[in-house]
Amino acid sequence: MSRAQDPPRGFFPFGNPFRMLSPKGSALSPWLLSLLNNFELLLAERLKKLMPKSKSDILTLSWMKLAMESLCETHTNINTLITDLQLPVSDWEEKWVDVYLDVSVKLLDLCNAFSSELTRLNQGDLYLKCVLHSLQSGSGEKKYLQARSSLDSWRQHVNANNARIENCRAVLDSLVKSLSLPKVKNSDKGKVLMRAFYGVKVQTVYICSVFTAAWSDSTSDLFDLPVSDKPLWAKVFTDVQSVVNGEIREMFSSGRSTILKELEAVDASVEKLYPMVQDGVDPVEVESLKELGTQAEKLSQGLDQLLEEVDSFFKMTLSGRDVLLCNLRSSDSFSGNAVGEI
């Protein structure tokens, strides 16, 4: 896998959007402030769970699964907040709708890219099964030739580039630009909604950038996001980002073949087994075969579980988008506008 070491990326080339969070002379009612604080405290708790207990937990498939579960919970909470705000879509400003629709379609693109990479990596398990079958049930020189061919095919497969992952950077860059908060002048509910949306987008962009960096093996896809100290989740987010990004960059600089832990474990087992297969050592060490089988199973199960979470996030994003569009059509029909006209 090709790797590139890049300097940390800046996040707001257009200035600090947080000057728009607390307009002068504005004060939220206790009810609205309570809704906002509850949302932000829940987000802080979810982010805290992403702080790894040890650096070795970073970029394991279980950590990535936890991160995707966290995203699903956050997007569920923003839907709950919209309901609690009693802010029907018909009362949304057009720019709020534009932000939601633009972000959601980009998230669907990212989900499709992540699903394609998880599926692609999992397809490599077939080559490993062929290796084990050849060495355990084959005979003579032929079994070594077949096993070596399968190992070579696995290496080539997992090191191949995925064009969809390569395109994620452009999608993430466009999401970064959407983090400029729109000014909300005449709606306190709108101010709460936009600030909550900001937290959702920061978490989403960051986690998606970590996923993309893991699969592209490039720190150019890893964001360092400066955030205001006003949101209640800000310090936790900054701490998590610092620890995770620091470890990822250290892994890249160490020259490792891959930074995805379970994939690295399989790769190590393959490297250990390959000389035995190449030299035709008979019998092949039983422990080496067991190790490869165990690590391959862990990788396959982890990829399957993460794929399920990505699919759940895709369905949630698509459902939320469909509900919004349906409500827009209903409100337009009621007001006499053309259906589907936003």
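The model is predicted, so local features need pLDDT of at least 70 and side-chain atom pairs count only at pLDDT 80 or more, while totals for chains, interfaces and linings use all residues. Residues are numbered from 1 along each chain as its sequence is written, and side-chain values use heavy atoms, with hydrogens and water left out. The protein chain has eleven helices and zero strands.

**Overall fold**

- Helices (H or I, at least four residues) and strands (E, at least two) are DSSP runs, numbered from the N terminus.
- Read from the N terminus, the elements run α-α-α-α-α-α-α-α-α-α-α.
- The protein chain has 342 residues, and 51% of them are buried. Buried means under 20% relative accessible area, exposed over 50%, and partly exposed in between (1.4 Å probe, protein chains only).
- Of the contacts between residues at least 6 apart in sequence, 82% join residues at least 24 apart. A contact means heavy atoms within 4.5 Å.

**Nonpolar cores**

- A nonpolar core is a set of buried Ala, Val, Leu, Ile, Met, Phe, Trp, Tyr and Cys residues joined through side-chain atoms within 4.5 Å.
- The largest such core holds 81 residues, and Met-64, Trp-215 and Ile-248 have the most contacts inside it. Helix H8 (residues 188–216) gives the most to this core, contributing eleven residues.
- Apart from that core lies another, of 25 residues, which includes Ile-82, Trp-92, Trp-96 and Leu-325.
- Met-64 is in contact with Leu-59, Phe-211, Ala-214, Trp-215, Leu-260 and Leu-306, leaving aside its neighbours within four places in sequence.

**Aromatic rings**

- The structure holds nine aromatic pairs. Rings of Phe, Tyr and Trp (its six-membered ring) pair if their centres lie within 6.5 Å; planes under 30 degrees apart count as stacked, over 60 as edge-to-face and the rest as tilted.
- Tyr-206 counts as buried because its relative accessibility is 4%, and Phe-237 is buried at 2%.
- Trp-233 and Phe-237 have ring centres 6.2 Å apart and planes at 90°, so this pair is edge-to-face. Trp-233 is buried too, with a relative accessible area of 1%.
- Tyr-198, Tyr-206, Trp-233 and Phe-237 form one aromatic cluster.
- Elsewhere, the charged end of Arg-155 sits over the ring of Tyr-274, 4.1 Å from its centre. This term requires NZ of Lys or CZ of Arg within 6 Å of the ring centre and within 35 degrees of the ring normal.

**A buried lysine and its surroundings**

- Lys-201 is found in helix H8.
- Lys-201 is buried but has no salt bridge, and the nearest side chain of opposite charge, Asp-102, is 8.1 Å away. A salt bridge is a side-chain nitrogen of Lys or Arg within 4 Å of a carboxyl oxygen of Asp or Glu. Lys and Arg count as positive and Asp and Glu as negative; His and the chain ends are not counted.
- Not counting residues up to four places away in sequence, Lys-201 touches Val-99, Val-103, Ser-178 and Leu-179.
- Val-99 lies in helix H3 (residues 94–123) and is buried, with a relative accessible area of 18%.
- Val-99 and Ser-178 are 79 residues apart in sequence and 7.1 Å apart in space, C-alpha to C-alpha.
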